[in-house]
Amino acid sequence: MINTLFPNVDWPKMWEAALETLYMTAVSTILTAIFGLALGLILFLTSPHQAWANKLANWLTGAIVNIFRSIPFIILIILLIPFTKLLLDTIRGPNAAFPALVIGAAPFYARMVLIGLREIDKGVLEAARSMGAKTSTIIWKVLLPESLPALVSGITVTCISLVGYTAMAGIIGAGGLGTLAFLDGFQRNRTDVTLMATILILILVFIIQWIGDMVTTKIDKR
Amino acid sequence: MISLKDVSKKFKTKLGTIIAVDDVNLDIKQGEIFGIIGYSGAGKSTMIRLLNGLEKPTAGQIIVNGKEITSINEEKLRQVRHKVSMIFQHFNLLWSRTVAENIAFPLEIAGVPKDQRVARVNELIELVGLEGRGDYYPSQLSGGQKQRVGIARALANRPEVLLCDEATSALDPETTDAILDLLVSINEKLGLTIVLITHEMQVIQKICNRVAVMEGGRVVEEGDVLEVFQNPQQPITKRFVSQVSEPTQTMQTIQNLVDIYPNGKLIKLTFVGEQTEQPILSRLIKQFELEVNIVQGNISHTKSGAFGTLILQIDGDALAVDEAIRFIHEQKVSTEVINND
């Protein structure tokens with residue numbers, strides 16, 4: 001039955017592509033979370049009245065975040081080809097997609113981190129300072145735990161965007177379901193292959209959203 | 001314990017410079033409960049934040065527990081803050097932590113080992129009356145319980161000074177009383193100095209030994225609570241004192257009584273300290289052939305004694321009335337004839 005509906009789908013190849021997408025999404029999400037958190041914390045802590053209040057640093061970080069957030073991803077990939085080549089000595093394969101994926105997604109996530117941090121009650125930060133907490137203690141024990149639900153729902157959204165980005169990264173031969181849908185499906189006029197790749201991506205997105213929602217609900221004690 | 005010398009704090013804003021604290025001199029003694037009262041914008045919030053270095057003064061000296069805190073570095077200031085803790089109007093608990101974890105937070109900051117932390121947290125939970133609530137999250141507690149957590153958290157590192165920033169302003173009157181009782185018992189049990197800011201005279205009346213009245217960044221009046229209650233000098237102080245001693249409807253009632261009993265005399269008696277214990281009223285009725293009607297009565301208990309006013313309507317023979325007033329006067333109760341026309 002499934003073979004009559006999707007006659008041209010090469011299942012082992014489809015499965016391999018799905019695993020590649022999964023791999024790219026997982027690794028880039030982790031890297032994006034790390035860089036995005038760091039950038040978001042810098043944006044927050046350098047803003048006025050905060051521990052590292054510094055106009056120049058705040059403006060500079062904000063500018064970098066805004067520039068990379070504004071470049072359309074497909075253009076960013078092309079712009080980053082020389083950088084990727086320098087970094088990894090290749091521009092093909094799943095690993096070659098990581099610089100573009102992380103540089104494209106981390107600024108986006110940094111903004112969401114900033115929003116999450118700004119929502120923390122100022123009184124709680126004042127209380128921590130009144131107890132004699134160091135900035136590092138405030139970061140690890142107040143800022144991150146108190147904004148965790150926002151950080152998790154932010155990374156969920158970012159992760160889903162990254163699934164889309166990995167598909168676009170297909171144009172530089174990153175592999176995964178995007179490449180398969182484009183090369184095997186679209187260019188060879190096999191609509192069933194494109195459709196199957198789409199279905200798998202949809203399933204992946206639903207699973208990510210479901211996990212994200214579940215975790216957010218569980219950790220939110222407000 | 002705490003002393004402020006010529007302390008000023010100015011804020012620069014787009015609309016110009018705001019003087020939040022204006023040349024304040026204060027001395028707060030070891031072990032006392034010191035109240036600072038003022039309306040919002042009087043500078044009291046800034047003032048209390050100067051005492052733990054959350055705000056730096058633009059001029060003057062602040063000495064807390066023998067340390068000059070205006071000139072010391074961040075590291076030393078953090079050490080000072082372990083011994084000068086603070087509770088807040090909106091409690092400022094970490095929602096992501098349980099009650100026990102919230103109380104343990106300042107201990108973590110001070111680097112207390114885990115086993116000692118657990119023991120100390122249990123002690124504190126008991127001290128503030130939250131037994132069995134250790135694993136609750138703040139969202140599962142009432143306002144009063146949250147403030148108890150705030151107090152326990154503030155006491156964790158055995159501070160010498162407790163700063164209370166409008167600690168009862170977000171609570172209902174009954175809970176306010178319970179929290180104030182807790183503060184008094186802590187003050188007595190642990191001997192720690194409490195500095196509180198409030199806009200409610202009831203709070204000052206109930207637990208403070210001394211009070212400073214702030215207006216426009218300045219301390220306009222300062223003294224023992226009972227003295228200030230007896231003999232308020234500044235108009236703003238009189239307004240605060242009347243918050244607790246004269247409900248607003250009093251004047252209306254008096255006007256009505258003046259209309260109903262045109263022949264009577266309305267007399268306001270002010271009792272201070274010991275006189276409130278004496279049965280002046282029953283002696284008055286026994287000795288004189290007079291009709292005595294209580295229009296309004298109010299005895300306030302301050303920490304250093306009672307303070308009360310009683311408005312009587314006395315009717316009868318004019319001579320007897322005069323003599324009765326003289327009698328009351330002899331009991332060292334100050335009297336004031338209200339409708340003396």
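What distance separates the centres of domain 1 of chain B and domain 2 of chain B, taken over C-alpha atoms? Before I answer, please keep in mind that this is a predicted model. The separation is 39 Å. The two domains of chain B span residues 2-244 for domain 1 and residues 250-337 for domain 2.

Let us look at where these domains meet. Ten residues of domain 1 of chain B are in contact with eight residues of domain 2 of chain B. On the domain 1 side, at least two residues each come from α7 (201-207) and α8 (225-230) of chain B. The largest share belongs to α8(B), which gives four residues to that side. By class, the domain 1 side comprises six nonpolar residues, three polar residues and one charged residue.

I turn next to a sheet in chain B. In which order do the strands of this open sheet lie? The order is β12-β13-β11-β14 (chain B), four strands with antiparallel pairing. At the edges are β12 (291-302) and β14 (334-337) of chain B, each of which pairs on one side only. On average, and with direction ignored, neighbouring strands of the sheet are turned by 15 degrees against each other.

Eight bridges connect β11(B) with the antiparallel strand β13 of chain B, residues 305-315. Within β13(B), Leu310(B) stands opposite Leu269(B).

The largest nonpolar core holds 129 residues. Which of them touch the most other members? They are Leu101(A) and Ala169(A) from chain A, together with Leu51(B), Ile103(B), Ala152(B), Leu163(B) and Val195(B) from chain B. Let us take Ala152(B) as an example. Setting aside neighbours within four places in sequence, Ala152(B) is in contact with Ile103(B), Leu124(B), Ile125(B), Leu127(B) and Val128(B). There is also a second, separate core of ten residues, among them Ile267(B), Phe271(B), Leu310(B) and Ile314(B).

How do the two chains meet? In this model, 20 residues of chain B are in contact with 19 residues of chain A. On the chain B side, the elements giving two or more residues are α2 (74-83), β6 (84-88) and α3 (99-109) of chain B. That side consists of nine nonpolar, eight polar and three charged residues.

Finally, I come to chain A. How many helices and how many strands does chain A have? Chain A has ten helices and zero strands. Its C-alpha atoms fill a box of roughly 70 × 40 × 25 Å, taken along the principal axes. Of the 222 residues in chain A, 39% are buried. Among contacts in chain A with a separation of 6 or more, 71% join residues 24 or more positions apart.

In chain B, 39 Å lie between the centres of the two domains. In chain A, the elements are ten helices, with zero strands. Thank you for your attention.

Definitions and conventions
Residues numbered from 1 in each chain as written. Chains lettered and ligands numbered in written order. Predicted model: local features only at pLDDT ≥ 70, side-chain atom pairs only at ≥ 80, totals over all residues. Contact = placed C-beta atoms within 7 Å. Nonpolar A, V, L, I, M, F, W, Y, C, P; charged D, E, K, R; others polar. Domains from an automatic or database assignment. Pairing = 2+ DSSP bridges. Axes fitted to C-alpha atoms, helices over the stretch in contact; angles between N-to-C directions. Core = buried A, V, L, I, M, F, W, Y, C linked by C-beta atoms within 7 Å. Buried ≥ 20, exposed ≤ 12 C-beta atoms within 10 Å, placed from the backbone.
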